[in-house]
Amino acid sequence: LRLSDLRETVSKNIRAVDANLNRLIQMREQGMARQSDVLQWQVKLKEYETAERELEYNVLMLLELWNNMLGYEEIIYHPAEIDLESYDEAIADFSSVTPEELEALLQENVTALQMYNPQIQNLDLTRDIVSKNYTMAKGNFLPNINLQFSYELEHDDKLDLSGDRNWNIAAVLSMPLFRGGANYTALRKARAEKRQVEYSTSAYEDFLITETRRLTRQLNTDAFRVERNRTSLEFTRENYTILHNLFEQGMVTSTELLDAETMLFAGESNLIAAYYDFIITKYELNKYTTSRGVK
């Protein structure tokens with residue numbers, strides 16, 4: 001989607017450069033422009049056309065790879081387009097976060113991670129399992145008492161406990177004397193597994209918390225970058241419009257207009273990249289804090 005938006009931007013700039021080139025060719029024929037100016041715009045046009053073709057090939061390659069992963073040999077499915085402007089409200093909210101509000105947001109996301117993230121829940125379940133296995137391994141050293149009894153009724157209408165034919169009770173006490181070596185080996189193994197799981201799960205939990213905090217800060221930075229690039233693009237467009245009008249009046253050179261065109265394309269590309277950086281970071285953060293929905 002990012003490459004598709006860049007391709008549309010390049011296509012738009014190709015049309016603008018082509019119009020300026022035709023205008024410059026007419027001015028050259030009238031003796032109002034130099035051949036070197038025409039060549040500069042022709043080079044810029046070829047650069048845009050090359051970039052457009054590369055973007056088209058990259059988009060096709062990604063679509064072929066995606067459909068192949070879905071099990072199709074041809075390009076059947078295309079990703080749904082994203083309305084970048086629909087994220088403007090979220091971008092404005094995140095870009096205006098104060099340091100105090102950011103710290104509260106960090107804690108909120110970490111809490112959501114610990115409460116709702118399925119990976120964290122699986123870690124807790126794994127720790128419980130190995131802890132119970134360790135407890136069971138220690139229990140193998142305890143004596144076992146097995147009680148067995150049977151009884152019979154001599155009469156159908158009442159219970160008679162007299163006589164020696166009514167109840168047979170047997171109690172067997174067993175001690176793990178001859179299996180102590182095997183039990184000790186199982187205990188050491190269970191304890192080692194318990195320590196290994198505790199260390200590994202604790203390290204992974206710390207990683208998830210660190211990533212959640214990093215992505216939260218990154219989201220704030222990405223939102224600020226979108227706002228900054230949007231403002232920069234507005235100034236760049238205004239500068240291009242002014243220089244284009246002056247060029248039409250013959251008051252600036254084609255080189256100055258070409259520089260403004262290059263700045264305009266860079267500004268548009270940077271804004272698109274900033275939008276998608278924000279969107280990707282938002283999705284990555286939602287992967288950890290599943291309580292926050294993604295639109």
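At what angle do helix H3 and helix H7 pack, and how many Å apart are their axes? Helix H3 (residues 88-95) meets helix H7 (residues 254-288) at an angle of about 80 degrees, and their axes are 12 Å apart. The model is predicted: local features need pLDDT of at least 70, side-chain atom pairs count only at pLDDT 80 or more, and totals for chains, interfaces and linings use all residues. Residues are numbered from 1 along each chain as its sequence is written, and side-chain values use heavy atoms, with hydrogens and water left out.

**Overview. Secondary structure of the protein.** The protein has 7 helices and 2 strands, where helices (H or I, at least four residues) and strands (E, at least two) are DSSP runs numbered from the N terminus. Read from the N terminus, the order of elements is α-α-α-α-α-β-β-α-α. Of the 295 residues, 31% count as buried (buried is under 20% relative accessible area, exposed over 50%, partly exposed in between, with a 1.4 Å probe and protein chains only). Among contacts between residues at least 6 apart in sequence, 75% join residues at least 24 apart; a contact means heavy atoms within 4.5 Å.

**View 1. Helix H3 against helix H7.** The two helices pack at about 80 degrees, which makes H3 roughly perpendicular to H7. Axes are lines fitted to C-alpha atoms, for helices over the stretch in contact, and angles run from 0 to 180 degrees between N-to-C directions. Angles under 35 degrees count as roughly parallel, over 145 as roughly antiparallel, 65 to 115 as roughly perpendicular and the rest as oblique. From H3, Asp88, Ala90, Ile91 and Phe94 meet Tyr275, Phe278 and Lys282 of H7. By class, the residues of this contact are 5 nonpolar, no polar and 2 charged (Ala, Val, Leu, Ile, Met, Phe, Trp, Tyr, Cys and Pro count as nonpolar, Asp, Glu, Lys and Arg as charged, and the others, Gly among them, as polar).

**View 2. Helix H1 against helix H7.** The axes of helix H1 (residues 2-29) and H7 come within 10 Å and cross at roughly 170 degrees, which makes H1 roughly antiparallel to H7. Residues in the contact include Leu6, Val10 and Val17 of H1 and Phe265, Ile272 and Ala273 of H7. The contact of H1 with H7 has 11 nonpolar, 5 polar and 6 charged residues. Ala273 is partly exposed, at 23% relative accessibility. Just after H1, Gly31 has a positive phi of about 80 degrees.

**View 3. The buried side of helix H4.** Helix H4 (residues 99-116) has 18 residues and reaches 25 Å from its first C-alpha to its last, close to the 26 Å expected (1.5 Å times one less than the number of residues). Its buried residues are Leu102, Leu105, Leu106, Asn109, Val110, Ala112 and Leu113. They cover an arc of only 160 degrees around the axis, which puts them on the same side of H4; the arc is that of the directions from the helix axis to the C-beta atoms.

**View 4. The surroundings of Leu208.** Leu208 lies in helix H6 (residues 180-248) and is buried, with a relative accessible area of 0%. Leaving aside residues up to four places away in sequence, Leu208 touches Leu113, Asn117, Gln119, Ile120 and Tyr288. Leu208 and Asn117 are 91 residues apart along the chain, and their C-alpha atoms are separated by 9.6 Å.
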